[in-house]
Amino acid sequence: GSGFKRKGVSYLIEAVSRLGNNTINKNRIRLLIVGKDRLWPYKRLAAKFGIDKNIIFNDYASETEKYYAASDIFALPTFFDPFANVTLEAMASGVPVITTKKNGASEIIEDGKDGFVINTPFEIDALTEKIRALLSPELRKEAGDKARKKAMNLTWDRMTEETLKVYDEIRAFG
């Protein structure tokens, strides 16, 4: 999406750079950033950290499922998102998620089981370590499978039903 600053893109770039060139090259890491924003500050930052060749910037896409299918990890180190739908989309696609407690969707993630949650984007070392942990194919598959299973239970019908239950409880006291 847009709003790269709010979504912590610069912190993600730095976190990936902290993996080190050996890890980046050995694991053929590419950071795919999909969305529309001013790119030059982020391209300049990537060049500063020496990972500009490892980042692909792409504008909005109509077939987002292709980006999830091409991804091994989804990271959104956001400063604020009431509930970033992309989090649930990634989970439904079987992609483990790393996000912050500032993303309302973090409430559905069981930290260390179906994804990871850090406190804020400022925790670059923690973000780096969560990415490093998910470089393990076994952990990535296990977390991705659990994420997909959880997301498949979070249908619009179920969410509507749960919301209506809350309204009914409130009305009962009103």
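**Aromatic pairs**

I began with the rings, and the count in this predicted model comes to 5 aromatic pairs. I then checked where the two partners sit, and found Y11 in helix α1 and F79 in the loop between β3 and α5, so that the pair links parts of the chain 68 residues apart. For F79 I also noted a relative accessible area of 28%, which makes this residue partly exposed.

Next I took Y68 and F74, whose rings form a tilted pair with 6.3 Å from centre to centre and 55° between the planes. Both Y68 and F74 are buried. I also wrote down that Y11, F79 and F122 form one aromatic cluster.

**The largest pocket**

I turned to the open spaces and noted that the largest pocket holds about 1,000 Å³. Its lining is made up of 34 residues, and those nearest the centre are L31, L32, S71, I73 and F74. The elements that give two or more residues to this lining are α1 (9–17), β1 (31–34), α4 (64–69), β3 (74–76), α5 (85–92) and α7 (137–152). Which element gives the most to the lining of the largest pocket? I found that β1 does, with 4 residues. Sorting the lining of the largest pocket by class, I recorded 24 nonpolar, 4 polar and 6 charged residues.

**The second largest pocket**

For the second largest pocket I noted a volume of about 330 Å³. Residues that line the second largest pocket include F83, L88, I108, W156 and M159. The elements giving two or more residues to the lining of the second largest pocket are α5, α7 and α8 (156–173), and the largest share, 4 residues, comes from α5. By class, the lining of the second largest pocket has 9 nonpolar, 2 polar and 1 charged residues.

**Nonpolar cores**

I then looked up the largest nonpolar core, which has 27 residues, and in which I13, V16, I33, I55 and I131 touch the most other members. Two or more residues of this core come from each of α1, β1, α3 (40–48), β2 (55–58), β5 (115–118) and α6 (124–133), while α1 gives the largest share, 5 residues. A second, separate core has 14 residues, and its members include L76, I108, V117 and A147.

**D114**

My last entry concerns D114, which I located in the loop between β4 (97–100) and β5. Is D114 buried or exposed? Its relative accessible area is 2%, and because buried means under 20%, D114 is classed as buried. I also compared positions along the chain: D114 and V95 are 19 residues apart, and their C-alpha atoms are separated by 9.0 Å. Leaving aside neighbours within four places in sequence, I listed the contacts of D114 as M91, P96, V97, I108, I109, A143, K146, A147 and K150.

Definitions and conventions:
Residues numbered from 1 in each chain as written. Predicted model: local features only at pLDDT ≥ 70, side-chain atom pairs only at ≥ 80, totals over all residues. Heavy atoms only, no water. 1 Å grid on protein atoms, 1.4 Å probe; cavity = no way out; pocket = protein on both sides within 12 Å on 5 of 7 lines; lining within 4 Å. Points joined across faces, edges and corners; volume = space filled by probe spheres on them. Nonpolar A, V, L, I, M, F, W, Y, C, P; charged D, E, K, R; others polar. Core = buried A, V, L, I, M, F, W, Y, C linked by side-chain atoms within 4.5 Å. Buried < 20%, exposed > 50% of the residue type's maximum accessible area, 1.4 Å probe, protein only. Phe/Tyr/Trp six-rings, centres within 6.5 Å; stacked < 30°, edge-to-face > 60°. Contact = heavy atoms within 4.5 Å.
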